[in-house]
Amino acid sequence: MPNQSNTLVSVERIAIRLAEELGFEWIDLELVKEPAGRFLRFYIDKEGGISLNDVETFHRAVQPHAENIDYDYMEVSSPGVDRPLKKPRDFERAQGKEIEVKLYKPLDGAKLYTGVLVGLIDNKIVIETNGERREFDQKAVALARCVLNVDEELLNDIEI
């Protein structure tokens, strides 16, 4: 019987192909244990965002290929507006935007830094903050993502 890791890699290859065939951008696949059980999550995206119909279409296409993976729940999801920056193309897309970088361990007394993304250079996340350039080894970064700046005027228009 193939091991879980090899099976996951195989399913990811199939999922990438299916995403491309269906016109979606492949983002990621994860198998995580949570209190409710083991979640197999596929992340896809497309210009203008993912709809419920898109999620259902991809779910139906990929589910038969995930039968040999030990999971309790399968989810297909959009990475959301606060999607993490993981792959080189994510950093290319976010270049020039304000990002936050959360570190596993404090550096100069802090674990959270924000600044304008210069880029991903030689496996280092480079930002400009307060007029200076900071570099973070990608392996030391727990999370990097764009800072969401919500327009206060927009918030005032929303009725709760």
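Leu-52, Asn-53 and Arg-60 are exposed on one side of helix 2, where exposed means over 50% relative accessible area, buried under 20% and partly exposed in between (1.4 Å probe, protein chains only). This is a predicted model, in which local features need pLDDT of at least 70, side-chain atom pairs count only at pLDDT 80 or more, and totals for chains, interfaces and linings use all residues. Residues are numbered from 1 along each chain as its sequence is written, and side-chain values use heavy atoms, with hydrogens and water left out.

Helices (H or I, at least four residues) and strands (E, at least two) are DSSP runs, numbered from the N terminus. In helix 2 (residues 52–62), the buried residues are Asp-54, Val-55, Phe-58 and Val-62. Seen down the helix axis, they fall within an arc of 100°, so they line one face of helix 2; the arc is that of the directions from the axis to the C-beta atoms. An α-helix has 3.6 residues a turn, so residues three or four places apart point the same way. The cover over the buried residues of helix 2 includes helix 1 (4–21) and strand 1 (25–34), contact meaning heavy atoms within 4.5 Å.

Arg-134 lies in strand 7 (residues 132–137). Is Arg-134 buried or exposed? Arg-134 is buried, because its relative accessible area is 17%. Not counting residues up to four places away in sequence, Arg-134 touches several residues, among them Leu-107, Tyr-113 and Ile-127.
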